[in-house]
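Dear colleague,

Please find the structure below, together with its sequence. My notes on what was found in it follow directly after.

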Amino acid sequence: MPTVEELYRNYGILADATEQVGQIRRQAIKELPQFATGENLPRVADILTQLLQTDDSAEFNLVNNALLSIFKMDAKGTLGGLFSQILQGEDIVRERAIKFLSTKLKTLPDEVLTKEVEELILTESKKVLEDVTGEEFVLFMKILSGLKSLQTVSGRQQLVELVAEQADLEQTFNPSDPDCVDRLLQCTRQAVPLFSKNVHSTRFVTYFCEQVLPNLSTLTTPVEGLDIQLEVLKLLAEMSSFCGDMEKLETNLRKLFDKLLEYMPLPPEEAENGENAGNEEPKLQFSYVECLLYSFHQLGRKLPDFLTAKLNAEKLKDFKIRLQYFARGLQVYIRQLRLALQGKTGEALKTEENKIKVVALKITNNINVLIKDLFHIPPSYKSTVTLSWKPVQKVEIGQKRANEDTTSGSPPKKSPAGPKRDARQIYNPPSGKYSSNLGNFNYERSLQGK
């Protein structure tokens, strides 16, 4: 049996040996690029990519620097090694190789990232996209949308087609399958920034109208706390601005119109004494109505006589009654919100309560503008509004945000699963007859943030 002193001595020798091995490994990583010549370079790139799995920060830094240095020698050869491991390597190596590309490619000069090199990245990425996780797909879209050659209209169109293929828009939508729903949302989120007046969202909008809207109430999601119905309606609203010519425009506009009616109640019936005859007052869901009304307004421009020529007189009369009822409620809540926010500036507007009120005011103002348009004879579709959750100042596509980049030299940590967007604030004013609620309007109960 060895003594304590012998154990300590042996442990010290082992520790020294381990430290020496670490030093040898680091030195080897530093010198590997020297062997990256000719046919050896893809092999060296392959080895360095495998070494990305290290949890030692110093080693991880050295591997990153070594990969960048051989990238500048031969970008195509380096990509060969990286994509070889992404397609065939272990999960941890694949994950870190993808993150390397998503964070480091943008740091390379134009003379390295030539058109030919970017074409190779696109070709190899398409192979990987045949089997990816949601997180990997988002990273690859970040990689591809940052390539110079894909900044053009035709380049953006290519990316939209890639996303559409990933979203499986040819297949029948299954609202009860959380993975199917999540995949569609993930893909649509990636597609939305690509749409423009020249790159149309028609295929996605058509799919949402035909397959998703009719199943809105039965949607399921694996993401806890996400209002899946509102998320879908927001995406549809954002896409509707860039919809091109649609084959079944009238049919899809009718589906959108019918869904809008579900969220725009008729006024409650009154008894002879002027009180409500029913037990329950209509519940007004302004966040949902903003999205649906905006989408209807955008697509309605393409068929301006839909309300007057395509609907029968009774249907149109019913719609006008609903609009009028909603408009009366809007005026009440807009006045109350303005009064509540009057005189508040700076820090006072940053409290959670006041932030929700500001969002609520944007929502109600937007709906008010759109309803006024539809009350014109004939209905008008000329007004423009900025959706309540969108920033007023537009950010150019492809513009990088510094806080999204991984610049640290430490091995990346796996991010927890969760919604890809910020939690939404929803404005649900209290139900009830407007005239009886004017005196005791309760913001804490009526302005709900989710």
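**Findings**

I begin with Arg-94, which is located in helix H5. Please bear in mind throughout that this is a predicted model.

Arg-94 has a relative accessibility of 12%, and since buried means under 20%, this residue counts as buried. Its side chain has two polar partners to note. One is the backbone oxygen of Ile-86, which the side chain of Arg-94 reaches at 2.7 Å. The other is the side chain of Glu-136, joined to that of Arg-94 by a polar contact of 2.9 Å. Apart from neighbours within four places in sequence, Arg-94 is in contact with Gln-85, Ile-86, Leu-87, Val-128, Asp-131, Val-132 and Glu-136.

**Helix H5 against helix H7**

Helix H5 spans residues 91-104 and helix H7 spans residues 134-145; their axes come within 9 Å and cross at roughly 25°. Angles under 35 degrees count as roughly parallel, and H5 and H7 are therefore roughly parallel to each other. Their crossing is left-handed. From H5, the contact involves Arg-94, Ile-98, Lys-99, Leu-101 and Ser-102, while H7 contributes Glu-135, Glu-136, Leu-139, Phe-140, Lys-142 and Ile-143. By class, the residues in this contact of H5 with H7 are five nonpolar, one polar and five charged.

**Helix H4 against helix H6**

Ile-86, whose backbone oxygen is reached by the side chain of Arg-94, belongs to a further pairing. Helix H4 (residues 75-88) packs with helix H6 (residues 115-128) at an angle of about 10°, and the axes are 11 Å apart. H4 and H6 are therefore roughly parallel to each other. On the H4 side the contact is made by Ala-75, Lys-76, Leu-79, Phe-83, Ile-86 and Leu-87; on the H6 side it is made by Glu-116, Val-117, Leu-120, Ile-121, Glu-124, Ser-125, Lys-127 and Val-128. The contact of H4 with H6 has nine nonpolar residues, one polar residue and four charged residues. Ile-86, Leu-87 and Val-128 are also among the residues in contact with Arg-94.

**Helix H12 against helix H15**

The crossing of H12 and H15 is left-handed. In this contact, Phe-257, Asp-258, Leu-260 and Leu-261 of H12 meet Lys-315, Phe-319 and Arg-322 of H15. These residues of H12 and H15 divide into four nonpolar and three charged, with no polar member.

H15, which covers residues 313-341, also holds Leu-323. Leu-323 has a relative accessible area of 0% and is therefore buried. Not counting residues up to four places away in sequence, Leu-323 touches Met-264, Ile-371, Leu-374 and Phe-375.

**Loop residues and backbone geometry**

The peptide bond from Ile-377 to Pro-378 is cis, with omega near -5°. Pro-378 lies in the loop between helix H16 (352-375) and helix H17 (434-437).

The second residue is Asp-168, in the loop between helix H8 (153-167) and helix H9 (178-191). Asp-168 is not a glycine, yet its phi is positive, near 60°. With a relative accessible area of 31%, Asp-168 is partly exposed.

The loop between H8 and H9 also contains Gln-171, which is partly exposed at a relative accessible area of 45%. Gln-171 and Gln-211 are 40 residues apart in sequence, and their C-alpha atoms are 9.7 Å apart in space.

**The chain as a whole**

The secondary structure of the protein chain consists of 18 helices and zero strands. Of its 450 residues, 46% are buried. Considering contacts between residues at least 6 apart in sequence, 75% join residues that are at least 24 apart.

Yours sincerely

Technical notes:
Residues numbered from 1 in each chain as written. Predicted model: local features only at pLDDT ≥ 70, side-chain atom pairs only at ≥ 80, totals over all residues. Heavy atoms only, no water. Axes fitted to C-alpha atoms, helices over the stretch in contact; angles between N-to-C directions. Helix = DSSP H or I, 4+ residues; strand = E, 2+ residues; numbered from the N terminus. Parallel < 35°, antiparallel > 145°, perpendicular 65-115°, else oblique. Left-handed = near helix turned anticlockwise from the far one by under 90°. Contact = heavy atoms within 4.5 Å. Nonpolar A, V, L, I, M, F, W, Y, C, P; charged D, E, K, R; others polar. Buried < 20%, exposed > 50% of the residue type's maximum accessible area, 1.4 Å probe, protein only. Polar contact = N/O pair within 3.5 Å; in protein donor to acceptor, adjacent residues only side chain to side chain.
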